[in-house]
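Subject: Structure for handover

Hello,

Please take over the structure below. My notes on what was found in it follow, grouped by topic.

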Number of protein chains: 2
Amino acid sequence: MEYETPLFFHVMEYAKRADRDVVDMVSGTPDWEPPESLRDAVREYADLESDQFQYPPSEGLLELREEIAARRGVDAEQVVITNGAGEANYLAMARALERDRGSEVILTDPVYPYYPGKTTILGGTQRFVATDEDGQLDPAAVRAAASEETAVIVVNTPNNPTGAVYPEETIEALVDIAEEYDAILVSDEVYDHYDLSGEFASALQFESDHRIVTNAFSKSMAITGYRVGYAIFPPTLVENAKSRHMLVNVATTRPGQYAVLHALKETGPDYFEANRQLLRERVETFTDALDAADAEYTTPQGSFYVMARFDGYPGTLENVERLIDEAGVAGMPGEAFGDSRTDWIRFALVTPRAETAAERLAAYFD
Amino acid sequence: MEYETPLFFHVMEYAKRADRDVVDMVSGTPDWEPPESLRDAVREYADLESDQFQYPPSEGLLELREEIAARRGVDAEQVVITNGAGEANYLAMARALERDRGSEVILTDPVYPYYPGKTTILGGTQRFVATDEDGQLDPAAVRAAASEETAVIVVNTPNNPTGAVYPEETIEALVDIAEEYDAILVSDEVYDHYDLSGEFASALQFESDHRIVTNAFSKSMAITGYRVGYAIFPPTLVENAKSRHMLVNVATTRPGQYAVLHALKETGPDYFEANRQLLRERVETFTDALDAADAEYTTPQGSFYVMARFDGYPGTLENVERLIDEAGVAGMPGEAFGDSRTDWIRFALVTPRAETAAERLAAYFD
C-alpha cells in the first residue's frame, strides 16, 4: 500500500540544502512567541511530584476537557484530547467510516494534503468538490456530490491553503447535507484564532449528531511541537472514538496537557489579537509585493497562507525549487493541494522575513 | 464496531470511589522517581527559543533517533519515535497486516489486552497460543498455530502480565517462524530495564527482515505520561510505517523527546539498577505474604507484575471489586488477560505500600 506522503518535508529539506539564504515560507509553523504563562507552566511542571509524570486519563486531563467544554458549550464527555489536530482528524474520519454507511469521503479541491492521505489509510475513497477562485465552497456542489456512499465530508475553515473563511450559511448547509445523507461533517477549525475577517462560524453553532469538530492549540498558542489538540464528538459517536484513541495512542502527553491548561486559563484575548494583527500586517506587505510582481493572488480571510500565481511560472515542484535557488524564497507547490491549483504556489506568512521574501519575489518577477 | 476496551480504567475508578483506604496495584505506573536529568531538561526547555516549541521532524528528533540507534546497533533510518509503546505497537502491527499476506495475528494467552484490541481496529483476526504455567511460550506451539494466514506474531518480554522473560532460544525460534511463514514478529520489549533474571534477550539480536522491536521510555524512566516510545523496523518496512505515523499523529511531543534525549545521555546504569533492586525487594515481600495466604503465584523474572490465585476465589471482576471493598487491595481481574487466567488476579508492584497490601491479603485470606 502506497500512501500519499505530503510534499512538505521534501521542499523544506531542499530549502535547507540550498547554497544561498532562503526565506522559508513552506510550513505552517508560527514564528511568534507562545503565551508566557505556558512557559511558566512548563517550569512549574518540572518540580511536580512524580505521579504527575504518569499516564493522564486516556481521553485527557479532566480539567482540560472541562475547560474546553465550558468554552465551546458542550459536555466534557464529548471532548477527547488528541495528539494535535492530526490525531483529532484521524479519529473523526475513522469514526465516520467505521459506521459502514458507505466509504466515500468528500474533500475540497484545493485540499489540505493530509486528508486524502488519512482517507487512504482508513480504506475510504476520495471524492473532490472544487471550491471557487476565492476558496469558497458552494454547498450545492457538495450536495450534488453526496450520495448513499458518502461517509464523511471534511472541511477546514479558516482554510489551508486558500485562506477562505466559510460563512455561517455554508456551515449550516453542510451540517444539513450530512444529516440528509447520514454522513458526518468533520469541521477542522484549527485556524479559528486566525480569522481576520470576523466571519468565522464554528460547526458547533449547529446542534447535530452528524458533525465532529476538531481543533488544537498548535497554531493558536504557537506550539505545533507540543501535540495537544482535541475533537468534539456527538454523544452517540464519542465512546468508540475514545476506544480507538486508547488503542492507538493510549493517552497523549501529560506535560503538554498541563502546560496548555494553564495557558488557556491565564492567557487573555490580547495575546491572540496581537498575533492576528501581526498577520494582517504581513498579509498587506506581502500582497503589495505580489501586486508589484504582477501576480494573481487571494487575500486571505484567515489562516496563514497566500496562494499566488505568476504569469508563465506554474507552481510545479520544479519551479518551486528554482524559486528557492534563484530568488531565495521557498513556498509549497500548488500541486500538493490538488489538481485545481497546479499553477499556484502557497506561501506561509510565518516568518519575520515575509517582507524580505516579498521584495525578492517582486524583484525576481519584475 | 465494538472494541475490547481494557478493563483497567473501570477497576481504577472503582478503587478510587471505594469508601476505604485502598492500595492501588491495578496499573503498571511506576511510583519511583524519573531521572533527575529529565527534570533538568524540562526546566531548560522552558526557556528555549520559540522555534524549539514547533514541529519536530515527523519521525522524531534526529539526535534522539541517532542516540537510540547507536545503543541498539541499528541505523537511525530504522527508528521511528512514537507516542509511547502504544503507538509503536499499533504501527508495527499495522505495517505487518497491510502487506496483504493473511490477516491472522498470533497472540499469547494470557495476553496484554491492548494487543487483541489493536488487532480488531486493524481488521485482523486473533489466534491465541497458550503459554505454560510460568508464562513461558513454547515455539513449537507457535509453529503449530502458524500458517499462510499468519501476518503477525506479537510477544512481550519481560512479560505483562506473567512476569516471564523469554530465553534467547525462544526469541530466535520466533524469528525463524516469522521468516518461514513470511510473517512479522513484533517484540514489545518495554520492560527490558526490569529484567530481574539476567535472561532477557532482545529480538534485535537476530538480524531479520521479519521482526519489528517496540519499546518506550515510559517504564524505564518512570514517565508513562510523557508518551515517548519507539519502533525499530527492518529497512524494507520502515517507509510505510513512517507515512502512517505522519498521517495519524503528524509527529509526537517535542518537549518530551527533548527531555528523554537529555535523560538518556546523562543517566547512568545506577539509576536503572536501583529501580530493579526496589522491585526485587517488593517481589520478595509480596510473595512472602502470598505464601502466608496459601496462594499460588508466579515469581516474576521481570516486569512489574505478580499473578496470584487464591483458593475458592476466582479472579472475576466481581471478586476483584470485593477485594477492594473488603481487603483494601486493588488488582486486575485475570479474565482481562485471556481465558487461561480467569482464576487469577494480577498485582502491579508499583506502590510504596506493596508491603501493606501483602499484609492485608495475608490477613484477608487467612
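I start with one asparagine. Asn89(A) touches Tyr115(A), Lys118(A), Val186(A), Asp188(A) and Thr214(A), leaving aside residues up to four places away in sequence. The residue belongs to helix H4 of chain A, which covers residues 84–97. Asn89(A) counts as buried, since its relative accessibility is 2% and the cut-off for buried is under 20%. Please keep in mind throughout that this is a predicted model.

Relation of the chains

Chain B is superposed on chain A by a rotation of 180° with 0.0 Å of shift along the axis, and the RMSD is 0.0 Å. The two copies are therefore related as by a two-fold rotation axis. Within chain B, Arg43(B) has the C-alpha nearest that axis, at 2.7 Å from it. As for the interface, 100% of the interface residues of chain B are also interface residues in chain A, so the copies meet through the same surface.

Asn249(A) lies in helix H8 of chain A, residues 235–249. Is Asn249(A) buried or exposed? Its relative accessible area is 0%, so Asn249(A) is buried. Residues up to four places away in sequence aside, Asn249(A) touches Asn83(A) and Glu87(A) in chain A, and Asn83(B), Glu87(B), Arg227(B) and Asn249(B) in chain B. With Glu87(A) there is also a polar contact, side chain to side chain, at 3.4 Å. In the other direction, 43 residues separate Asn249(A) from Ala292(A) along the chain, and their C-alpha atoms are 49 Å apart.

Nonpolar cores

In soluble globular proteins, nonpolar side chains tend to be buried together. The largest nonpolar core here has 171 residues. Which of its residues touch the most other members? They are Phe286(A), Phe310(A) and Phe347(A), together with Phe286(B), Phe310(B) and Phe347(B). A second, separate core has 96 residues, among them Ala76(A), Ile81(B), Val129(B) and Tyr226(B).

Strands

In chain A, strand E3 (residues 104–109) and strand E4 (residues 125–130) run parallel and are joined by 6 bridges. One of the pairs is Asp109(A) with Ala130(A), its bridge partner in E4(A). Together with helix H5 of chain A (residues 114–121), E3(A) and E4(A) make a β-α-β unit, and the unit is right-handed.

In chain B, 4 strands form an open sheet with antiparallel pairing, in the order E9-E10-E13-E12. Strand E9 (296–297) and strand E12 (332–333) of chain B stand at the edges; each has a single partner strand, so one side of each is left without a neighbour in the sheet. E12(B) is joined to strand E13 of chain B (residues 345–348) by 2 bridges, and the two strands run antiparallel. Met332(B) has Arg346(B) as its bridge partner in E13(B).

Backbone points to check

Most residues other than glycine have a negative phi, and most peptide bonds are trans. The cases below depart from that.

- Asp109(B) to Pro110(B): the peptide bond is cis, with omega near 5°. Pro110(B) sits in the loop between strand E3 (104–109) and helix H5 (114–121) of chain B.
- Asn160(B) to Pro161(B): this peptide bond is cis as well, with omega about 15°. Pro161(B) is in the loop between strand E5 (150–156) and helix H7 (168–180) of chain B.
- Ala222(A): phi is positive, near 60°, and the residue is not a glycine. Ala222(A) lies in the loop between strand E7 (211–216) and strand E8 (229–232) of chain A. With a relative accessible area of 0%, Ala222(A) is buried.
- Val250(B): phi is positive here too, about 65°, in a residue that is not a glycine. Val250(B) lies in the loop between helix H8 (235–249) and helix H9 (254–266) of chain B. Val250(B) is buried, at a relative accessible area of 10%.

Regards

Definitions and conventions
Residues numbered from 1 in each chain as written. Chains lettered and ligands numbered in written order. Predicted model: local features only at pLDDT ≥ 70, side-chain atom pairs only at ≥ 80, totals over all residues. Heavy atoms only, no water. Buried < 20%, exposed > 50% of the residue type's maximum accessible area, 1.4 Å probe, protein only. Contact = heavy atoms within 4.5 Å. Polar contact = N/O pair within 3.5 Å; in protein donor to acceptor, adjacent residues only side chain to side chain. Least-squares fit on C-alpha atoms with pLDDT ≥ 70 in both. Core = buried A, V, L, I, M, F, W, Y, C linked by side-chain atoms within 4.5 Å. Pairing = 2+ DSSP bridges. Right-handed = clockwise from strand over helix to strand, strands pointing away.
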